[in-house]
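Hi there,

Here is the structure I promised to pass on to you. Have a look at it first, and then read my notes below.

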Amino acid sequence: MIVDVVFWFLAVLAVFSAWRVFRTDSMVRAAYWLLISFVGVGFIMVMLKAEFLGVILILMMGGEMTIMAVFMVMFMMNPAGLNPMIMVHQNRAAMAAGFGSFGLLSAVGLFARFPASVVPPRAQATAELGTELLGDSMLVFQTAGVTLLAAMIGAVALVSVRGRFGRADEGSDAPEQQPAAAAAAAPGPTVSDATAAAEPAPDVAGEDMPADHAHGDAR
Amino acid sequence: MSQQAIFVVAAAIFGIGVYGALSQQSFVMIMMGLELMLNGAMLAAAMVWAMIAGGTPKGQLLVVVLMTVMAVEAALGFALVTGIYRVRKADITEKLKKLKG
Amino acid sequence: MVAEALSTAGLAIAVVAVLLGGTYIAAVLDVVFTRLTMRIAVRPLAAAALPLRRAAQLALQRRTLTERPDAGTWALAPAVLGALAAVSLAVVPLTGTVIAVKADTGIVVFAAAMALVVVAVYLQGWSPNSPLSLVAAYRFVAEGLSYEIPFAVVLIGTALPARSLALVPIVTSQEHLWNVVRQPLGLPIYLVTVLALGFWGPLSLPEGQDVAGGTSVELSGVPRLLWRVAQLNVLVAVSAMGAAVFLGGWLGPWLPGGVWMALKTLFLLALLVASRQYFARVRTESFVVVAWTILTPLALVDVFMAGIQAMVAAR
């Protein structure tokens with residue numbers, strides 16, 4: 001009984017905060033609503049006896065959502081939500097897709113017959129996970145580790161100041177942009193892409209941003 | 001806390017994630033939608049491990065793999081968002097119009 | 001069922017009492033160490049009363065607000081920090097038998113709660129809508145990401161000899177030898193990372209003078225008091241955990257377990273509080289570079305050595 005009450009509280013919390021992510025105006029709050037959703041799911045996983053996984057999920061998401069908040073503040077022009085603005089496109093189609101996928105998956109869950117075989121109450125889930133990770137599924141574990149390492153190196157390579165074409169403050173840009181300082185001087189690194197010199201003036205920097213947004217209802 | 005209840009909850013979170021990934025203009029909000037989709041998937045995987053597969057260790061492994069996918073997707077997603085912004089000064093999808101017919 | 005509920009309530013009250021008592025003691029220690037380093041008379045009675053006087057002063061102070069703050073998260077931040085400290089202390093065994101939450105993965109719960117401290121400090125810096133506090137919050141994000149790996153890895157090192165992530169086995173595995181002796185790199189790295197975690201002393205990057213007080217620059221009155229109390233709560237919780245996993249928790253001759261635990265916690269707490277007087281605050285860049293290039297490899301060496309010891313012991 002208590003278990004059910006707690007579970008439904010957590011479930012409603014997870015779904016409600018997931019919905020609030022896309023309805024709130026303040027971007028930092030959006031990132032932390034997402035964190036609350038993850039915390040709810042993490043606690044449900046702890047209740048499902050996957051203790052280690054639930055706690056690790058909460059640990060990971062704490063750091064990840066702070067990073068997301070940092071990126072929100074970097075890239076959104078209205079991070080504090082001081083002016084209400086909804087920035088959506090193809091809203092109806094997206095809602096239809098959302099409801100559709102929810103309907104399909106719930107139908108699978110409600111109408112399919114799955115065998116019911118519960119975790120034995122004395123199971124040592126964490127110990128079994130450890131033995132599995134370093135025993136039978138060692139290859140998966142190592143592949144995940146190497147993938148994470150490659151992702152780290154790739155991410156740093158993509159965004160480091162010493163970019164792929166040289167240092168950013170020495171005029172290193174991707175081929176189609178003219179470096180600000182050395183406009184006529186260096187032709188830039190030779191890249192095999194065909195887009196090098198044929199591109200006219202870049203049409204990016206001068207656009208007026210507010211005109212591009214689809215203003216939704218004033219909320 | 002039955003199978004069906006958790007399925008429905010996971011499907012709801014997944015559906016909201018699909019809505020977010022398809023409807024948002026800002027890159028970071030799209031990424032939030034993707035994270036929500038993976039969140040729903042992880043909840044469903046944990047439920048299957050706990051209630052359908054009887055606690056087999058490979059079920060937990062699936063959840064660990066999904067967490068790894070989440071981490072990798074977040075890292076590379078943010079790197080790409082930063083890269084795109086540097087090259088094209090675009091922070092919403094509407095700004096990327098070069099391939100538009 | 002009623003007895004269970006009462007005992008849970010009793011344990012919760014015990015955790016809160018330990019937290020607040022430890023906070024008061026930490027504040028007194030801070031006053032004592034300040035007076036010692038400034039070479040003025042310590043005057044113990046006055047020093048014991050000073051934190052209470054300052055708390056009363058802050059509680060009666062009029063609160064100044066900023067323009068368009070994020071009021072919800074601003075009120076939430078010290079509460080979140082205090083709650084995380086309480087959760088961390090709840091998994092620590094206070095004596096051999098008294099432990100508020102007997103979690104199978106106690107040490108991971110502790111690490112997760114301490115990983116969420118970044119969220120609380122970022123919210124505290126972001127909410128007042130003030131530039132310097134936001135700068136300080138970003139500094140703490142940099143600091144926070146850097147301390148997490150050495151912190152978690154060193155804690156895993158202490159779990160290895162116990163072959164369990166629960167705290168009671170980790171403490172009882174130190175019956176013959178404390179972890180501070182057989183994992184010499186563990187406690188120093190732990191102390192450095194929890195200084196970063198509690199943003200105290202040399203690693204108080206989000207509260208530094210060069211950002212005019214940083215995350216607490218806009219705080220006044222009761223919120224300021226609550227923020228300080230929450231910060232000291234974190235220090236108490238990490239001292240208790242350090243005493244449990246490195247210094248052998250409640251184990252020790254002659255005295256009862258609870259007294260040993262209190263003494264060891266106070267010892268670590270005194271070390272942490274005193275560091276504010278004896279070390280200058282470091283620059284963010286220095287700490288980040290040191291954390292990633294020195295602390296992380298040392299932590300990995302520490303866990304490697306712990307693993308070898310565990311393998312040898314398993315023969």
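Val12(A) is exposed, because its relative accessible area is 52%; buried means under 20%, exposed over 50% and partly exposed in between, with a 1.4 Å probe and protein chains only. This residue sits in helix H1 (residues 2–21) of chain A, where helices are DSSP runs (H or I) of at least four residues, numbered from the N terminus.

This is a predicted model, in which local features need pLDDT of at least 70 and side-chain atom pairs count only at pLDDT 80 or more, while totals for chains, interfaces and linings use all residues. Residues are numbered from 1 along each chain as its sequence is written, chains are lettered from A and ligands numbered from 1 in the order in which they are written, and side-chain values use heavy atoms, leaving out hydrogens and water.

Now for the aromatic rings. Over all chains there are 16 aromatic pairs, meaning rings of Phe, Tyr and Trp (its six-membered ring) with centres within 6.5 Å; planes under 30 degrees apart are stacked, over 60 edge-to-face and the rest tilted. Phe16(A) and Trp19(A) make a tilted pair, because their planes meet at 45°, with ring centres 6.0 Å apart. Both belong to helix H1 of chain A, three residues apart, so about one helical turn separates them. Phe16(A) is partly exposed at 38%.

Phe16(A) also pairs with Trp33(A): the planes are at 90° and the centres 5.8 Å apart, so this pair is edge-to-face. It links helix H1 with helix H2 (residues 27–47) of chain A, across 17 residues.

Happy exploring!

Methods. Helix = DSSP H or I, 4+ residues; strand = E, 2+ residues; numbered from the N terminus.
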